[in-house]
Amino acid sequence: MSEPHEVRARSAVASGPALALIGLTALLCARLLPDVAGKPLHEDEAVAGLISARPLGDLLHTVVLDRGGAPLHFVLAHFVLAIDTTPEALRWVSVVFALATVPVCYDLARRMAGRFAGLIAAALAATSQLLLIYGTFGRMYSLFAFASALAADLFVRALARPQRGAALAAAAAALLPLAVHPFGAFLFAAEAAVALWLWRGRQLLPAVPVVGVAVLALPLVLADLRLSERYAPETGQTLDSGTSPGAAILHALGGAAGGRGPALVLFIGLAAAGLLALARRLPAVAAFAMLTLAVPPPVLAIANAAGIAGDRLGPRHLIFMLPVWIALVATGASRLAALLPAKARATGFAAVVAVAALAPSAVSEPRTMPTGAERAVAAPAAWLRKELAPRDLLYPYSPVFLAALPVAKEARAYSREPVALARALKRTGPAHAVFVSVPLREPVKEDALRRAGVRFRAFPSWLILESRGPFTNGSAALESTVELLRTVVPLVREPVARAYLEQIRGAACVALGRPC
């Protein structure tokens, strides 16, 4: 072959993966775009949007001290909402990180098993059910997937190149999942266990900078411990009903790649083949992958049995497994493809991707409530934008309050989780009014509310209640709200709305430390 032909061949080999990554990322983007404005708003998105829109200091206090938990997504969303204060802007944060997860999954699998495995991993990420749903969900989940992929990628890089710079980069990246979600601790612990095993018997001094970076995990862990104190059984929430740890992990793995049923069984086999291949070639990487996937089930089962875990565990919380799972599947598929003739490998690649893309869904779309649709929230949000003023209070977080941005950011929103609500009350000063949002499936009897002297505004899908002050502090405002809800509950006949009213009233009573 002549020299010009060799140059062109090398150029094609070098540019091929890049072009494939661009195409796969564009495919995922095309599938995500309709959902940015098309899906109904969800209460969990309202939590992120209404907190993130507040001043940065108040945001950090709410997230770290009132609610407990990881602040990174809230901080990123804060700066985005400072530019564009709309629910769609909040969702675009998720879109960006979902798209960024595709090339990082490619690089992770490439480091494990070569370019072909990397391309399979990128294709699996681009068709992942979890990324297709949570890539437009205005919460931290796609950021969690990206941060986990980056942490795993840099850790595998550090294992291959055990130098100080690579180790520092891996240690810093390991903090990112912890800064996004408490379950980032599983990834952090897996990396720490492998690193400590490999470093055993060596001098401590060269590792001091890496240990110094790792110590920064302590405040993040403390914030996550504060989160664990916050959970209480709740009524009326529809974001993936809680499930057992084993079932949640199977759904999470299937949602990452493989779906459910025979397709998932096939992908489990491919992942096992990939793990075996890594165990022979890269045992430290295999140990890291095994710890990442095998440790969470028993730990979560023990926490669940002890009653110290949240009551709504779902696949979205386990999205940190997605990059490692996809990389293992891709590694196994690439090793099996290596046994095929060169011309048949493309067919094998297409078959794996087709199975992933067409597999039955392992995760459900949480944004199905019609009360969050644009047509449902538009009118009440427009009314709220005229009525809300600084020092008003919003109870609880809801899609209609989120849709009332940017005006709603001047008011303080309250959680319907009693512990977080009680903490927020302690630092609430004088307030003018409390607005309470109630989702409706059928119209309320407005005459009964008027005869009872209730201040309200009714819409087809929402009832907005109002308790007028002034109030000296948050406790006084919430006391007034409890009395308002006491009056309203008997007047609402629709079962779901009534249960919702009773739940938020009960949460308020618990937060105030008084019987209802």
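This is a predicted model: local features need pLDDT of at least 70, side-chain atom pairs count only at pLDDT 80 or more; totals for chains, interfaces and linings use all residues.

1. The pairing of α5 with α17. Helix α5 (residues 87–113) packs on helix α17 (residues 322–337) at an angle of about 50°, and their axes are 9 Å apart. This angle makes α5 oblique to α17. The crossing of the two helices is right-handed. On the α5 side the contact is made by T101, C105, L108, A109, M112 and A113, while α17 contributes L322, P323, V324, A327, A330, T331, S334 and R335. By class, the residues of this contact comprise 10 nonpolar, 3 polar and 1 charged.

2. T331 within that contact. T331 is placed in helix α17. Its relative accessible area is 0%, so T331 counts as buried. With neighbours within four places in sequence set aside, T331 is in contact with M112, A113, A117, G274, A277 and L278. Of these partners, M112 and A113 belong to the α5 side of the contact described above.

3. The largest nonpolar core. This core has 94 residues, and L124, F267 and W325 are the members that touch the most others. Which residues does L124 contact, leaving aside its neighbours within four places in sequence? The contacts of L124 are with A256, A257, F267, I326, V329, V352 and A356.

4. Burial of α2. Helix α2 (residues 43–52) is mostly covered, with 10 of its 10 residues buried.

5. The pairing of α2 with α3. The angle between α2 and α3 is about 130°, and their axes are 8 Å apart. The two helices are therefore oblique to each other. V47, I51 and S52 of α2 make the contact with L59, T62, V63 and R67 of α3. The classes represented in this contact are 4 nonpolar, 2 polar and 1 charged.

6. Burial of α21. Helix α21 (residues 418–425) is also mostly covered, since 6 of its 8 residues are buried. The buried positions in α21 are P418, A420, L421, R423, A424 and L425.

7. G348. This residue lies in helix α18 (residues 342–358). The relative accessibility of G348 is 24%, and it therefore counts as partly exposed. G348 and A247 are 101 residues apart along the chain, and their C-alpha atoms are separated by 30 Å.

8. Backbone geometry. Most peptide bonds are trans, and most residues other than glycine have a negative phi. The following positions may be checked with that in mind. Y395 and P396 are joined by a cis peptide bond with omega of about -15°, and P396 lies in the loop between β1 (393–395) and α20. A cis peptide bond also joins L405 and P406, where omega is about 5°; P406 lies in the loop between α20 and β2. R391, which is not a glycine, has a positive phi of about 75°. R391 is found in the loop between α19 (374–387) and β1. Its relative accessible area is 51%, so R391 counts as exposed.

Terms used
Residues are numbered from 1 along each chain as its sequence is written. Side-chain values use heavy atoms; hydrogens and water are left out. Axes are lines fitted to C-alpha atoms, for helices over the stretch in contact, and angles run from 0 to 180 degrees between N-to-C directions. Helices (H or I, at least four residues) and strands (E, at least two) are DSSP runs, numbered from the N terminus. Angles under 35 degrees count as roughly parallel, over 145 as roughly antiparallel, 65 to 115 as roughly perpendicular and the rest as oblique. A crossing is left-handed if the near helix is turned anticlockwise from the far one by less than a right angle, and right-handed if clockwise. Contact means heavy atoms within 4.5 Å. Ala, Val, Leu, Ile, Met, Phe, Trp, Tyr, Cys and Pro count as nonpolar, Asp, Glu, Lys and Arg as charged, and the others, Gly among them, as polar. A nonpolar core is a set of buried Ala, Val, Leu, Ile, Met, Phe, Trp, Tyr and Cys residues joined through side-chain atoms within 4.5 Å. Buried means under 20% relative accessible area, exposed over 50%, partly exposed in between (1.4 Å probe, protein chains only).
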